[in-house]
Amino acid sequence: MGQALTLPLVIGHRGAAAYAPENTLAGFRAAKALGCVWVEFDVRLSADAALVLCHDDSLTRTTNGSGRISQLPLSSIRRLDAGSWFDGGFAGEPLPMLEEALVVCDELGLGVNIEIKAERGLARATAAAVATCLERLSGHLPVVLISSFLLEAIAEAAERLPRCPRGILWRKAPRGWARIAQGLGCATINIDQRYLTESAVNEVCAAGYPVLAYTVNDPARARQLFNWGVASVFSDAPDIIAPTTGCDSAAEARQGASR
Ligand code: G3P
Ligand code: MG
């Protein structure tokens with residue numbers, strides 16, 4: 001860990017969420033097939049402190065199960081199908097554990113943005129578990145950027161993994177953002193593209209931070225953001241930002257996902 005960050009223009013959001021079920025290994029293969037060099041995914045703790053990839057607190061939207069991940073053991077979560085809700089061709093796709101995701105992304109040559117999600121009171125424990133996982137895989141890791149909306153998660157990551165780059169997530173940078181980012185030793189500022197303006201991008205760039213914008217699925221908006229100085233955009237459909245990535249077609253992404 002402690003790599004210098006070379007950010008790509010486009011980061012596959014939750015893998016390649018427009019083409020494969022979000023936050024799955026199939027999604028990472030799809031992103032790779034689309035020409036991505038980085039993916040973003042969300043990670044959270046199960047009741048027995050395993051790290052699994054899932055955006056929502058609840059399993060309802062993206063699996064055939066229900067209930068909150070923080071209330072269920074890994075054994076129950078692993079039995080679920082996280083692919084069928086998206087498309088029958090992905091039936092049986094499990095919710096990956098963080099370690100599996102890192103191994104697969106390393107094999108695929110994908111850099112990863114690990115976004116730490118946590119319910120109230122679990123931010124530090126989740127970040128600590130991420131740190132333990134990264135330490136265990138040390139030497140066999142892709143390039144990693146840790147990010148979170150949760151300041152406590154970033155603080156824990158800073159303490160446990162001081163050399164691993166960190167990004168802070170905001171919908172809109174708050175007043176005093178630079179002091180917060182500096183205090184947490186952040187390397188990037190990750191902002192909701194809907195709230196980004198040219199002056200906001202200028203302000204963050206002038207302070208020396210790359211701006212990462214989520215979630216951009218419109219090529220014209222991506223071009224505008226890049227013209228303003230945004231370093232990277234997260235996209236569910238990285239191929240439609242193709243002129244800047246060399247991405248191939250959606251059909252190729254689906255083939256890549258099923259390999
Ligand atoms: O990390 C960028 C983006 O994923 C943050 O929002 O809700 O999609 O995890 P969300
Ligand atoms: Mg995310």
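Buried means under 20% relative accessible area, exposed over 50%, and partly exposed in between, computed with a 1.4 Å probe on protein chains only. The legends below describe a predicted model, in which local features need pLDDT of at least 70, side-chain atom pairs count only at pLDDT 80 or more, and totals for chains, interfaces and linings use all residues. Residues are numbered from 1 along each chain as its sequence is written, chains are lettered from A and ligands numbered from 1 in the order in which they are written, and side-chain values use heavy atoms, with hydrogens and water left out.

View 1. D42 lies in strand β2 (residues 38–45) and E115 in strand β4 (residues 111–116), 73 residues apart. Helices (H or I, at least four residues) and strands (E, at least two) are DSSP runs, numbered from the N terminus. D42 is buried, with a relative accessible area of 0%, and E115 is buried at 5%.

**View 2. The surroundings of ligand 1.** Residues near ligand 1, with a heavy atom within 4 Å of it, include H13, H55, K117, F149, L169 and Y214. E40, D42 and E115 also belong to these surroundings. Polar contacts are pairs of N or O atoms within 3.5 Å; within protein, one must be able to donate a hydrogen and the other to accept it, and residues adjacent in sequence count only if both atoms are side-chain atoms. A polar side-chain atom of R14 lies 2.8 Å from an oxygen atom of ligand 1. For E40, the distance from a side-chain N or O atom to an oxygen atom of ligand 1 is 2.7 Å, and for a polar side-chain atom of E115 it is 2.8 Å.

**View 3. Aromatic pairs.** Rings of Phe, Tyr and Trp (its six-membered ring) pair if their centres lie within 6.5 Å; planes under 30 degrees apart count as stacked, over 60 as edge-to-face and the rest as tilted. The count is 5 aromatic pairs. F28 and F41 form a tilted pair, with ring centres 5.4 Å apart and planes at 45°. Both residues are buried. W85 and F86 are edge-to-face, with centres 5.6 Å apart and planes at 80°.
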